[in-house]
Amino acid sequence: MEEPVPEGNPFHTGKARGDFLAGARETLTANDVGDFVKPGRYQYPHQWNWDAALVAMGLAHFDEERARKEVRSLLQGQWLDGMIPHVVYHNGSSDYFPGPDFWQIEQSVAAPHGVRTSGLVQPPLLATCVRRMHRRARDRQASLAFIQEIYPRLLNWHRWLHRARDPEGTGLVAIVHPWESGTDNAARFVQPLMQVTPSQVPAYQRRDSAHVAAEERPQHADYERFVYLIDRFRQWAYEPEIIYQRSPFLVQDTLFNAITYQAHEDLIALADEIGEPTAELERWRVRLRRAFNAKLWDEEEGLYFAFDARHHQLVRENGVATFLALYAGLADKEQAEVLVGAHLENPEEYGPDANSRFRVPSQAKNNYFYEPRRYWRGPVWILVNWMVMQGLERYGYQALAENVRRDSLALMADGGFFEYYDPRDGSPAGASDFSWSAALALEMLEPLPLSRPA
Ligand code: GLC
């Protein structure tokens, strides 16, 4: 007999659902190169920070030991001062730009020994994904031992974020490069980035358009600045203090801080589970919450914006990062109502209409920079949907959360596990066989057991 089809998913039969789940597992398995799972089959040949966290969470659905290995593997790249870099190059060079040589991390006293990495970070999703893996784990003992093993490293990572990226104690952590946001070319970085004046940019050869159409990737002017900033950091030997003081790009980002906040909460839960003290984490958490609302909330627009800390101004671009305040539980009830009622549901911004059927575009459709197929300027991303969906559930918008989930599953069921999708007709774009889409398909279809601790 066929298993019953859970309500609200796009699969007409239990078999269709089963095939889809098998396809998601198969995507992760096929991208597994031994030490790590590649973010995409063709486009991304190395291990990325938040991709690895998501991939581990996906692997935990069917192979808990392999999932833990993914986390250990990412942690091999951790710097001696606690930083977890945004790329780890386990298998040496490839035709990907930037490759390991570009970073010159050996300039830094904190660079790890025997493994090559980038010199930037990415949103700290790791503690959140590890906590979810732990809640799902069937082998409770192995999972607990794993938490004990990696907890000090996670704590060092969170400490690094506050020490290196908030030395003034503002409560918010700063990013120094758009790549650190994980949403490389989002509109909220245009203004801060255009104030960076690149000079003597070292020669480089982009490779990112080899497998993906150029009009779906960032533009040349952005790339010049991406490379220029890294060149500055290399020259400063990646000294966090100098970078914080002198980087021409310094942004207190909505998405990065919301993810940090949620990760603090998750790390606190893990600490409780293994009897570690939490006062330090609590302090960061409380301060971040206060600063997030005091500084990033714009009452007039009813949106959260990123703050350009170098030029002391809010960047008033309406993008999906604003809804991460729901994901992290940072908004109050009234703020949530405005975010959802006036923006998320508004067909001129994020709500579906006759020309644009799918939730949730990464940029408001009426934003000047909106482009439905260009990377973080408009396409639907499964990771963003997953976070928005959790935010909606958290604030009691069950029906809307269900719509976001259904759209996400429909996009993947019809188009395959792609990197992103055109919100107008749902056509897939960017890299194919994309690991985190597959991992999150598993998360969306196989909910966490309710009764597990942490
Ligand atoms: C791109 C994305 C980033 C991701 C990486 C690997 O750089 O913007 O978020 O981690 O690709 O998938």
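Me: Which residues does Met57 touch, not counting residues up to four places away in sequence?
Reply: Happy to start there, keeping in mind that this is a predicted model. Met57 sits in helix H2, which spans residues 49-59. Leaving out residues up to four places away in sequence, the residues that Met57 touches are Cys129, Arg132, Met133, Trp386, Leu440 and Glu443.

Me: Does Met57 count as buried or exposed?
Reply: The cut-off to keep in mind is that buried means under 20% relative accessible area. Met57 has a relative accessibility of 1%, so this residue counts as buried.

Me: How many Å apart in space are Met57 and His134, C-alpha to C-alpha?
Reply: In sequence, Met57 and His134 are 77 residues apart. In space, the C-alpha to C-alpha separation of Met57 and His134 is 9.3 Å.

Me: Are H15 and H16 roughly parallel or oblique to each other?
Reply: The two helices pack at an angle of about 135°, and their axes are 11 Å apart. Angles over 145 degrees would count as roughly antiparallel, and 65 to 115 as roughly perpendicular. The angle between these helices therefore makes H15 and H16 oblique.

Me: How do the residues of the contact of H15 with H16 divide into nonpolar, polar and charged?
Reply: On the H15 side the residues are Arg405, Ser408, Leu409 and Met412. They meet Ser437, Ala441, Met444 and Leu445 in H16. The division is five nonpolar, two polar and one charged.

Me: Is the crossing of H6 and H10 left-handed or right-handed?
Reply: Helix H6 (residues 140-165) and helix H10 (residues 254-273) pack at about 135°, with axes 10 Å apart. H6 and H10 are therefore oblique to each other. Their crossing is left-handed.

Me: How do the residues of the contact of H6 with H10 divide into nonpolar, polar and charged?
Reply: From H6 the contact includes Arg140, Leu144, Ile147 and Tyr151. Among the H10 residues that take part are Phe256, Thr260, Ala263 and Glu273. The residues divide into 11 nonpolar, four polar and two charged.

Me: Which residues is Asp222 in contact with, leaving aside its neighbours within four places in sequence?
Reply: Asp222 belongs to helix H8, residues 220-235. With a relative accessible area of 6%, Asp222 is buried. Its contacts beyond those neighbours are Asn185, Leu193, Met194 and Arg377.

Me: What is the radius of gyration of the protein?
Reply: Let's step back to the whole chain, which has 16 helices and nine strands. For 454 residues the globule rule gives 22 Å, and the value for this protein is close to that, so the protein is as compact as a globular protein of that length. The C-alpha atoms fill a box of roughly 65 × 50 × 45 Å along the principal axes. The radius of gyration is 21 Å.

Me: What percentage of the contacts with a separation of 6 or more is accounted for by residues 24 or more positions apart?
Reply: As background, 63% of the 454 residues count as buried. Among contacts with a separation of 6 or more, the part from residues 24 or more positions apart is 72%.

Key
Residues numbered from 1 in each chain as written. Predicted model: local features only at pLDDT ≥ 70, side-chain atom pairs only at ≥ 80, totals over all residues. Heavy atoms only, no water. Helix = DSSP H or I, 4+ residues; strand = E, 2+ residues; numbered from the N terminus. Buried < 20%, exposed > 50% of the residue type's maximum accessible area, 1.4 Å probe, protein only. Contact = heavy atoms within 4.5 Å. Axes fitted to C-alpha atoms, helices over the stretch in contact; angles between N-to-C directions. Parallel < 35°, antiparallel > 145°, perpendicular 65-115°, else oblique. Left-handed = near helix turned anticlockwise from the far one by under 90°. Nonpolar A, V, L, I, M, F, W, Y, C, P; charged D, E, K, R; others polar. Rg over C-alpha atoms; globule rule 2.2 N^0.38 Å.
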